[in-house]
Amino acid sequence: RCYCMSAKKVEIESKLKKSTHVRFSDAPWYGKFYEIVLGGVGGIGSYVALLLARMGHSLIIYDNDEVDETNEGGQLYKSSDKRSYKVDAIAQTVREFVSGAEISTNVQRITAEEGMVTPIMISAFDNMTARRIMFDKWKDYEKRELFIDGRMSAECFEVYFVTKGREEEYVKTLFEDSEIEDEPCSFKATSHTGAGIAFVISIGLSNYITNKEFGEEIRELPLCIKWYGSLLMLKNE
């Protein structure tokens, strides 16, 4: 038994040394890798997938859309990805950037009946219905830890970090899709805003992991962070 545990430790250490993310090995959150469900790999999720894989996390991604020409302007897709499923295209791209990236792809939507549940889940959807379904699955999971919800327009975004005990505060932010004012399709998302919200999601996740590791709130993790591009203003709530 001792031999097996020692062999496993050597295997893990060997894997880490070969990984792209080993350069972060002195970070307080490094080595605490999670298996994370990421719902949606469009304007938000495609960038999130790359950043979290580089941090060392393994991903279970869900999206049933295919890449088309409209995705090249605001999402992390290449012209050669057209007509491929987004989950397959982004998995291939991430693996090219991140040695040893672990990604499980699912060409389907997350529903009340379908889709895995993990302690940390990230909603990167473009509609409130899908957010609510994913949140409800996470909320009913006994081992839940952190639910992250990213919402974005062309020059603004909001990120919600929901931990145990803050579920009701988050529920107050949900509304029906019919209440959303439709924006011009040519100005719904931009690459720089997508990359920006992915950065905030990644930092919030690392702050959560750091706080958990030290057993105290040594890093900031507000319920919500909002970015207003026209004002160059980032606001915590």
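Guide: A crossing of two helices is left-handed if the near helix is turned anticlockwise from the far one by less than a right angle, and right-handed if clockwise. Helices (H or I, at least four residues) and strands (E, at least two) are DSSP runs, numbered from the N terminus. This is a predicted model, where local features need pLDDT of at least 70, side-chain atom pairs count only at pLDDT 80 or more, and totals for chains, interfaces and linings use all residues. Residues are numbered from 1 along each chain as its sequence is written, and side-chain values use heavy atoms, leaving out hydrogens and water.

Visitor: Which handedness does the crossing of helix 2 and helix 3 have?

Guide: Right-handed. The axes of helix 2 (residues 45-55) and helix 3 (residues 86-97) cross at roughly 35 degrees and come within 10 Å; axes are lines fitted to C-alpha atoms, for helices over the stretch in contact, with angles from 0 to 180 degrees between N-to-C directions.

Visitor: What makes the contact there?

Guide: Ser46, Ala49, Leu50, Ala53 and Arg54 of helix 2 meet Ile90, Val94 and Phe97 of helix 3, contact being heavy atoms within 4.5 Å.

Visitor: Why do strand 1 and strand 2 count as paired?

Guide: Pairing takes at least two bridges found by DSSP. Five bridges join strand 1 (residues 35-39) to strand 2 (residues 58-62), so they pair, and they run parallel.

Visitor: What makes strand 3 and strand 8 edge strands?

Guide: The open sheet has eight strands in the order 3-2-1-4-5-6-7-8. Strand 3 (103-106) and strand 8 (233-236) each have a single partner strand, so one side of each lacks a neighbour in the sheet.
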